Amino acid sequence: MGYLLQGETGDWEVVIGLEVHAQVTSKSKLFSGAPTLFGGEPNDQVSFVDAGFPGMLPVLNGYCVEQAVRTGLGLNAQINLTSVFARKNYFYADLPQGYQISQYELPIVGEGVLTIDMPDGQTKHIGIERLHLEQDAGKSLHDQHPTKSYIDLNRSGVALMEIVSKPDLRSPEEAGLYIAKLRSILRYLGTCDGNMQEGSLRCDANVSVRPKGSTELRTRCEIKNVNSIKFVQMAIEFEARRHIEIYESGGTIRQETRLFDSVKVETRSMRSKEMAHDYRYFPDPDLLPLVLDPKMVETIKAGLPELPDDKKQRFTVEYGLSPYDAGVLVAEKASAEFFETVAKGRDHKLASNWVSGDFFAALNASGKTIEDPPVSAKNLGELIDLISDGTLSGRLAKDVFALMVGTDKSASILVEEKGLRQVTDTGAIEAAIDQVLAANPDKVAEVMAGKDKLMGWFVGQVMKSTQGKANPAMLNELLAKRFQK
Amino acid sequence: MTQLTSLTIAEARVALAKGEFTAQDLTQAHIKAVEAGRGLNAFITETPDLALEKAKESDQRRKAGQVGALEGIPLGIKDLFCTKGVRTTAASHILDGFIPPYESTVTANLAQAGAVSLGKLNLDEFAMGSANITSHFGPVINPWKRKSDPTAQLVPGGSSGGSAAAVAAGLVMGATGTDTGGSIRQPASFCGIVGIKPTYGRCSRWGIVAFASSLDQAGPMARTVRDCAIMLGSMVGHDPKDSTSQPIAVPDFEKALTGDIRGLKVGIPKEYRPDGLSAEIQAVWDKGIAWLKDAGATPVEISLPATKYALATYYIIAPAECSSNLARYDGVRFGLRVEGKSLDEMYANTRAEGFGAEVKRRILIGTYVLSHGYYDAYYIKAQKVRRLIAEDFANAFKTVDVILTPTAPTAAFALGEKTDDPVTMWLNDIFTIPTSMAGLPGLSLPAGLDGEGLPLGLQLIGRPFDEETVLKVADVMEKASGFSIRPKGV
């Protein structure tokens, strides 16, 4: 049994379904030719269609349709060759038409599946309910004027894919893994940049709880518009505990929409079911049903890149990596490519350790991106070559790597410049050993008396005296021989 | 110059080509007629200066040898078409001060053909009405008068009432109309002119203020079938900006007017003879059938059984779409805003003051039929019936080439009549609505006068995108009818 929350009456299981809104990577909006750049002055990317002017009509952006199909295929989902755009009617100041064009009864993508990788190496299949295309609303700015709200319609009409999971997630951790995996797939496909800070990826979480062992689905609450994985996890945990408390004190949960306050770490009621909008969905008469050519779907399918799951599988087989190491490397397409460049013609395990270890650490510390790495794949590969040919010990390599960060210098140049070449000359190492033994007769006596633990101390001392350049294997061997005498 | 305003477009075209007068002369004459005809309240916005400027440009083009299909022809534009730089009202208070920064495709096409706009014509508010009495700018008066009571002010029909009255009274040579359930054909019938609603998808809806998107269609209104054919050719065409506009080649509609309808089969639907149909309407219809027989066509009785549900179905689908289409008039970005203490209050104040009673009625009905729990019973069922109506026509057109019916159940009535109950008013469109529901082309032409001396129209319905047959048959009937009477009540 996985994640359970302890209540006063017993253990509770959490049931979570996620609705992720992913902005389609497209230069223009879903139904108008207006640009979609992030930032810019308010209302400078708005066409008359986006502003809901009289007589303006939507024209579907074929590129966005292709991206939705591409995403659907990437989620192993059914592509619906006929889908219908519907109007979701409600009044709000940043919704210029008074309705959002979305898909309701017939979405472009049907059921699919997404696999999440658990930290213990297990995988879990999470059902995808549907993916549909819809337009975004504008933005209301309530803090610009004491009594007025300002409206920015730059986002109005931007294409979104709403990706709805089945209620298959059972813990905040799984929810986090699901979002991360979905984001990874979207970025591999290039259909969404996955930028949560800029709002390109937003998440609504549907949360309910049930006593351990039960299979019922209890009343859920929807937490709207959470914009980071951490916040989604915090919101789910808070909400689940809130439900448990209410159930255990004899109360009932009302179906409602809630907002997450990341400062107070709590969810608050936004509107109850009674106050919920009646969206009056109906097919948009301005748009004909969307009919896809099966050939177009086939062409997109044939052009799909290798996706994280397949790549991970290949990495474990081809490079002999553990599922965990492989999973880390494939999370971002660019890091997987970085790894493959480094690993090509080299020791795979060594390459994997260096990429996931020192390189990722340096990447995180430098604040750089994999596209503009602190050490290039070529230079890292060369460093590994120097380890393999015995020029550098692992320890020396770490020093060289630290010097490489942020410079464009190759490992071999740094080795020459700093004289960091490993000492493999037996005579030189023996001379260093002699010096250390001579300077520490008391410790030599202790070792001879059986205190083997001091061997490590001697190794360290010799290393120190050679500035770490002594070949560790040779040093161990020679030192052992010396004490055997 | 008064004779210039009684010319047909076809006649004016010849005279302009011969240089008998200029586009500026023609426009000036019509500007005078518009001024003289202000009592009809046909115009919401007159644009005489702009018209003269355009007429001058037209004369220059003609001199340069560039002659469009409507070169120098003065027209009126229903004030539902957005016109760049010219106030557009949809006859509603809620669009106060709205000057579109864009031009509708249809009016841009007309301008491209050389037409000169004299201004924006009155209509029912948001094209919702059958008598042109719901306009925020007051009712339009029909230029026709009853013999028995020449002082009674008659309605021109609606919603394209301003267009019909202006054409009938000679204020313009032709006008644009829009038709959702009969808004071109019924006023054409009431005012003794010709009007055609083309097949849905023939004209672009881009830039036309939407009422019911799946039904709205623009079309020409003029004094003769030929004039409608000329105008139609310049209005239609595929427009990538309207996803429902069909990529279909534009035929030469005028060429279709061959005068030869021998061998054509004309459907006479028995369901269009309801009990209580006025004897005068029946007589005109019979006369129309006789003309067609004389011209060598064969009348065939047909059945369109779903017809009886058409009106009820229409008053679910059209309001449903209207309730959503009119949500954008919220006081936020353009038009009227009546302030309130909150956003919701501002919406309520603006829409309460901005919309008239008929528009509100339809928004309420539309909101209701789309609501949770009612959607299946009303909207979905209505869509199913709509398909049955279309199937009825499709079956009929397996055996007939065109269908002949009355356009409206009555002649023009007086202001104040039939206003006690909205359903009575809605019954005006009982013969035109089925065509709209099926998306078919429908034309009304004047076929005679009733006992009060008021025009009565007949409707011709064609196959999808077969406006040519409709126009051809109408042309033959027009000649047979010899209808050339013009109203005197300007």
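**Exercise 1.** In this predicted model, describe how domain 1 and domain 2 of chain A are placed and which parts of domain 1 touch domain 2.

*Solution.*
Step 1. Take the separation: 36 Å lies between the C-alpha centres of domain 1 and domain 2 of chain A.
Step 2. Count the residues in contact, taking C-beta atoms within 7 Å as the criterion. Domain 1 of chain A contributes eight residues and domain 2 of chain A contributes nine.
Step 3. Assign the domain 1 side to elements. Those giving two or more residues are β6 (112-117) and α2 (172-189) of chain A. The most comes from α2(A), with four residues.
Step 4. Sort the domain 1 side by class: four residues are polar, two are nonpolar and two are charged.

**Exercise 2.** Work out the strand order of the open three-stranded sheet in chain A, and state which strands are at its edges.

*Solution.*
Step 1. Write the order, which is β5-β4-β15 in chain A, with antiparallel pairing.
Step 2. Find the strands that pair on one side only; these edge strands are β5 (99-103) and β15 (282-283) of chain A.
Step 3. Inspect the pairing of β4 (residues 85-89) of chain A with β15(A): two bridges join these antiparallel strands. A:R87 has A:F282 of β15(A) as its bridge partner.

**Exercise 3.** How many residues of chain A and chain B are in contact, and how does the chain A side divide by class?

*Solution.*
Step 1. Count each side: 25 residues of chain A meet 32 residues of chain B.
Step 2. Classify the chain A side, which has 16 nonpolar, five polar and four charged residues.

Technical notes: Residues are numbered from 1 along each chain as its sequence is written. Chains are lettered from A and ligands numbered from 1 in the order in which they are written. This is a predicted model: local features need pLDDT of at least 70, side-chain atom pairs count only at pLDDT 80 or more; totals for chains, interfaces and linings use all residues. Domain bounds come from an automatic or database domain assignment. Two residues are in contact if their C-beta atoms, placed from the backbone, lie within 7 Å. Ala, Val, Leu, Ile, Met, Phe, Trp, Tyr, Cys and Pro count as nonpolar, Asp, Glu, Lys and Arg as charged, and the others, Gly among them, as polar. Two strands pair if DSSP finds at least two bridges between them.
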